[in-house]
Amino acid sequence: MSAFPHLVRRERASLSATVLAPLAALAIATLLNLALYAVMGKSPGAVFHAMLLEPFLSWASFSEVLLKMGPLLLIAQGLAIGFRAKVFNIGAEGQFILGAIFASALPVWYPEATGGWIWPAMLLSGAIGGALWAAITAFWRVRLNANEILVSLMLSLVATQVLNYLLLGPWKDPAGFNFPQSVMFQYDAMVPILIDGTRVNWSFPLTILLSLAAYVFMQKSFMGYKLQVGGLAPRAAGYAGFSEGRAIWLSLLIGGFAAGLAGAAEVAGPLGQLQRSISTGYGYAAIIVAYLGGLHPLGIIVSALVMAAIYIGGDNAMVSAELPIAAVRVFQGSLLIAYLIAVAFIRYRLEWPKAADRRPA
Amino acid sequence: MNAVDFILSGMLAAATPFLLAALGELVVERAGVLNLGVEGLMALGAVIAFIVVYHGGGHMLAFAAAGLASVLLSLVFALVALGFRANQVATGLAIGILGQGLSALFGKTYESLTVKGLPKLALPGLSDLPVIGGLFVQDVVVWLSLLLTLMIWAGFAFSKTGLVLRAVGENPKAAHAIGYPVIAVRVAAIAFGGLLAGFAGAYASVVYTPLWADGMIAGRGWIAIALVVFGTWLTGRIFLGACLFGAVSLMSLAAQATGVELPSQFLSSLPYLVTIIVLGIISANKRLLKLNGVASLGEPFER
Amino acid sequence: MTPPLLSLRGLSKSYGQIRANQGIDLDVAERSIHAILGENGAGKSTLMKLIYGVETPDEGTVTWQGAPIRLTSPAEARRQGIGMVFQHFSLFETLTVVENIALVVPGKKRELIERVRTLGRDFGLEVDPLADVHALSVGERQRVEIIRCLMTDPKLIILDEPTSVLPPQSVEKLFETLKRLREGGVSILFISHKLEEIRAICDRATILRAGRVTGHVDPREHDAHDLARMMIGRDMPEITPAASVETGEKRLELIGLDHRPDDPFAVALKRVTLEVKAGEILGIAGISGNGQAELSAIISGETRLGREARDRIFMMGQDVGRLDAAARRRLGFAFVPEDRLGRGAVPELSLVLNGLLTAHPLGLLKQGLIDRAGAKAFAETCIRDFDVRTPGPEAEAGALSGGNLQKFIVGREIMLAPKLLFVAQPTWGVDIGAATAIRQRLIALRNAGMAILVVSEEIEELFEICDRIQVLHAGELSPSLVTRETRVEEIGRYMIGAQPAGHGTATSPAEVSA
């Protein structure tokens, strides 16, 4: 039995492993992927430089990283709250799209409207749209006992079709040469730029502020504690009288709200219109961001930055090293796998077979 | 050809990717493991099969290669989820993302290319029947899938292997106590699930719609997972569910053929909407799920 | 003299820091019933796992029929002729009896069915081979386990606490079976912590304390005092039924409650009627698996009932049928559940945060935020007052021993100063010293006017602390029996359903107990 090394449970969680796990995962995933690029005939050195260094080397590209970080951070914070309660909302992609649609309704229907209230109203309406889309999943789970993973994912696939319908039909820009996109939004429907000369806007500090709120909620508040108990030991939550249904509703509504807000900030920010390609898989990438940050609000800030850099770096590598953009998805997937392996060492240590355990030859 | 004929003759072929993947997931879940990476396993199988056929390797080799690739990826799942006792949901999602990424990466240069599918084989006599005759004209993979369905049903009903699988899924601690290697049984089940997911992907890309497009699996892996719930972990019901989804996925084509005025996006969403609705109906019956469900599903086994 | 059937020398096994077995020596003779005696946590179960090959020893040798062997798996042990009947059964609920047997015994289904019937007749172990296991009673499941074990033709059978799941009458029947097996040439390793049983049936006894052997004796030559001294290092604590005190108002009342759970494997409750007044302890006797889990969850509010629950459950005089667990706690209800890890406590959280689980209304929150200092002080007080052995309040609940965690949970619930305290299986897995302390505490609380409901499998425990006892069998509750006026045999009759449970339910429990 003991011929293989096996995991032995630690007396208590290892703090150093908690900090080291994401770093080790990043290192391992990087090495594996560079090896893969080498096999594909790309220069690993060039890809490494383009993908992981370049995003940080110029203010121009770093500001793009910050821009990309916004939606990832926001969605991941919302998802992490649910994941800690073991409510697996993996439909953030759909909630993001619905947020974008709800936010776009205002400028699409009232393209002439003016006033400083428009973009905040759009952000709010987007967040509500995302929360409403997530509410369907919550209802299905709480009232019909349906698995939230499957329902939320299916709803994401439906959301994509809703978006397509709008862009090919009623919301198509009449002057848009038949492209599947809406009209360009008016000036007041855009979130004001924060740093001149970049595309970073005021939604970024808002995102950081909400991250801090998530920190207080999850680490300090009793409500956050209740959610955690529900995730760690559902029967203990039932025993203490913490309502499971309420935890599911709260988790999904927060997740949907955050993803919807991210979707709104995207159309009212860098895009300036509703398009088919509003999301490049943010909803799925945010799952990885959430885990990589240890489901901890502060850890997620760091992991969102890393993931955003990989996005921007992937674009760089596509241009400079002719790396297919799909390589970014491979990198993301392997990063999560490496992390899930590394994280085992927080609670376990590896024990090698002792001499006494071996059969006498 | 009217819509009914169209759906009847195409249903089984359309159902086959769902069926194969769901049967694989059934075996995995019966052993107590939840592998949510089916979509990625299918995508990987699909691209590998397509590449093999495109370069003249033939369908047999394509299925073998697709199966092998997906087995390897599913073993990564086994390593992480069982070996390192990671959360099975997160691990499944990671495998899904990785599989889809690899399929996009490998398939990059084959985008929109086509290959030749497989010929249909008619069952003599039955295929001449009116109305339902179309049901009996199918390619060889469909026939083999039906045979496999029967074998899996019989395996669970009568074989020792099926018994051991159910025992490990219901109560791994007890299975361990009476001497069954729980982890080995689960790894084998996961590999089998990987194999069938690979076949399912291969069928989708080189037989059913023999062309390559990134994202062509289009949620079918997820629907296969839902099918296992719909079928309440019973082989026969999973088969019926797969047929239903085969028919639903043909509906959009049929509707266009008959000139029904509905937005095409609504028809494309139909399989997903049906999944959501049926999932709600079946899951609301908690007793039924509990009666047929797998007690240790998704829980890591630790001695 | 013939060599012993099984001989252990210097067997040791550690789990991390815990040394479960140290240098165990043991000889089991042919055709003998050999007891392994020890209290909870003495290392009995670990030793059995080593002999059955579930675990492998760190050190030591095993000799079987004169030859050294290495037992690396249960399959290997079975090949050698060692069988085991587990305390928490290793049966599969969704499979039939014969399918369960087929997992261990090779052969055609039809032959297996026939052999099950024959063995059942020969050894008094009748059971329907085609029944689903989830439909069987606990006693029947034990028979299945024994049959399954016998079908591998063992020379040695290990029985882990076999009587803990049996009513007194069935214990006699089991002993008959064991004696017949011994006559048939089988040796039995009989694990127990019940001294009288061992004196009644065993030829030899090996006594374990804290992982070490403290004696090899002939139990028939020693009285219970001697055995107890070897087992716990002193005499067994005196059992003196507590004198009753003046009772006050009704704090809990269930009136003809019916409940069919969502879970098809759970037990349905039928016309359950009981009441607990201030200043008394009501005990619910019965073998686990007869509806105890369902009844606890309904009383605690963890199982939410529908409209049918109106006017069925009252706490402190209020209809609580539709109230959730939190609302019931706000009325002054506290509860110690039978499973500690994962229900009574969250294994991954510290004792500080586990205290918060139910003690948060004691001013441990400030505007919705957790008062860390307050929570820590609470946990420290609980650890001190209830003698919880732990490195400190930041230790994870999962790192505590079962007994210490139980003390923490009992302490936490008592510190809530409830009007109504419900304790399920107060001393499961707790050592004798701590068990005695918990029981005395409960009696003291009753004397101070608390209403207490106790569910327990241990009849002796109920006789020691309860004013009244009701027996739960197959989801039905017997009428209330006044402890001073009843005897173990009467309780036993209700436990096997020999006395119709419905008998006397026409009168209200108040009249019966008056």
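Predicted model: local features only at pLDDT ≥ 70, side-chain atom pairs only at ≥ 80, totals over all residues.
Confidence in chain B can be taken up first. Its mean pLDDT is 93, and 98% of the residues of chain B reach 70 or more. Among the elements of chain B, the highest mean pLDDT, 98, belongs to helix H2 (residues 38-54). The lowest, 87, is found in helix H12 (residues 286-292) of chain B.

Turning to the contact between chains A and B, each partner contributes 37 residues. On the side of chain A that touches chain B, two or more residues come from each of helix H5 (118-144), helix H6 (148-168), helix H11 (282-292) and helix H13 (326-342) of chain A. The make-up of this side of chain A is 28 nonpolar residues, eight polar and one charged.

The contact between chains B and C draws 15 residues from chain B and 18 residues from chain C. Helix H6 (160-170), helix H7 (172-177) and helix H12 of chain B each provide at least two residues of the side that touches chain C. Of these, H6 of chain B gives the most, with six residues. Seven nonpolar, two polar and six charged residues make up this side of chain B.

Chain C itself is assigned three domains: domain 1 (6-232), domain 2 (237-332 + 418-514) and domain 3 (344-415). Between domain 1 and domain 3 of chain C, the C-alpha centres are 38 Å apart.

Methods: Residues numbered from 1 in each chain as written. Chains lettered and ligands numbered in written order. pLDDT = per-residue confidence, 0-100. Helix = DSSP H or I, 4+ residues; strand = E, 2+ residues; numbered from the N terminus. Contact = placed C-beta atoms within 7 Å. Nonpolar A, V, L, I, M, F, W, Y, C, P; charged D, E, K, R; others polar. Domains from an automatic or database assignment.
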